[in-house]
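Hi,

Here is the structure I said I would pass on. Have a look at it first, and my notes on its pockets, ligand and cavity follow below.

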Amino acid sequence: MIRGKFITLEGGEGVGKTTNLAFIKSCLEQYKVTVTLTREPGGTELAEKLRQLLLNKDGEAISEQAELLMIFAARAQHIKHVIEPALAKGNWVLCDRFTDATYAYQGGGRNINRCSIEWLENLVQKKLKPDLTILLDAPIEIGLARAKKRANLDRFESEKTIFFEQVRQSYLFQAAQYPERIKLIKADQPLTLVQNELAEIIETFF
Ligand code: TMP
């Protein structure tokens, strides 16, 4: 059995991940691969419970370290029970966010040092890294205006503007560090142009 590929989609709030995730899935399926669509934090029963705790803005304040550890606890479950088994049976895994989000949100947004994140990444993921990452990037005012149209803002969406600016800059830093893996798309252009670029990236990847 040939191991599947691991593809992740990243971006700040309101950049259009949900719409484009469905589009990427349909592009992949044109190449006759079986796609396992999943998300982080989440993807298993326990990881989805951790997600609820992470996104809930009521109740006890979550420390930055607790937040980071909850994200990697969810990731450990997700890798063991969903991602690795799917890849092993030849499925392609398409994941809405992964560890680049941790470098952006916890590293950039919360100012947690990179070494701590790298240490947890090595512990939890061992050799597992995405084969391809697509980063949707837009100025934060555009993304936030879209995100704020939704009814209830979660704990991350309720952060201050500076937090989102740091998240965006960290994502761009990651993209500059790993240009082979991370493909950057401007998300503030018409959807048809975004999707033309997505289709091209997928075609080149195959
Ligand atoms: P979503 O908006 O893509 O559903 O993701 C939920 C939130 O989780 C989003 O605001 C970003 C946050 N998050 C982190 O802070 N660190 C992570 O490693 C991941 C995967 C998500």
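This is a predicted model: local features need pLDDT of at least 70, side-chain atom pairs count only at pLDDT 80 or more; totals for chains, interfaces and linings use all residues.

Which of the 14 residues around the ligand come nearest? They are Lys17, Arg51, Arg97, Thr102 and Gln106, where a residue counts as near if one of its heavy atoms lies within 4 Å of the molecule.

Residues are numbered from 1 along each chain as its sequence is written, and side-chain values use heavy atoms, with hydrogens and water left out.

**The ligand**

The side chain of glutamate 13 has an N or O atom 2.9 Å from a ligand oxygen, and the side chain of arginine 97 has one 2.6 Å from an oxygen atom of the ligand. For glutamine 106, a polar side-chain atom lies 2.8 Å from a ligand nitrogen. On its own the ligand has 470 Å² of accessible area, and the protein covers 92% of that (Shrake-Rupley method, 1.4 Å probe).

H2, H3 and H4 each give two or more residues to the shell around the ligand, and the largest share, four residues, comes from H4. Helices here are DSSP runs of H or I with at least four residues, strands are runs of E with at least two, and both are numbered from the N terminus. By class, the shell has six nonpolar, two polar and six charged residues. Nonpolar covers Ala, Val, Leu, Ile, Met, Phe, Trp, Tyr, Cys and Pro, charged covers Asp, Glu, Lys and Arg, and the others, Gly among them, are polar.

**The pockets**

The ligand takes up the largest pocket (more than half of its atoms lie within 2 Å of the pocket's grid points). On a 1 Å grid over the protein atoms alone, a pocket is an open set of points with protein on both sides within 12 Å along at least five of seven lines, a cavity is a set where a 1.4 Å probe fits but cannot get out, and lining residues have an atom within 4 Å of a point. The volume of the largest pocket is about 590 Å³, the space filled by probe spheres set on the points. It has 30 lining residues, and Glu13, Lys17, Arg51, Asp96 and Arg97 are the closest to its centre. Twelve of the lining residues are charged, ten nonpolar and eight polar.

The second largest pocket holds about 190 Å³ of space. Tyr103, Glu121, Lys129, Tyr178 and Arg181 are the closest to its centre, out of 14 lining residues. Two or more residues come from each of H4 and helix H5 (114-125), with H5 giving the most, five.

Of its 17 lining residues, Gly12, Glu13, Ala138, Ile140 and Arg168 are the closest to the centre. Strand S4 (132-137), helix H6 (140-147) and helix H7 (161-177) each give two or more, and H7 has the largest share with four. This lining has eleven nonpolar, three polar and three charged residues.

Cheers

Methods. A polar contact is a pair of N or O atoms within 3.5 Å; within protein, one must be able to donate a hydrogen and the other to accept it, and residues adjacent in sequence count only if both atoms are side-chain atoms.
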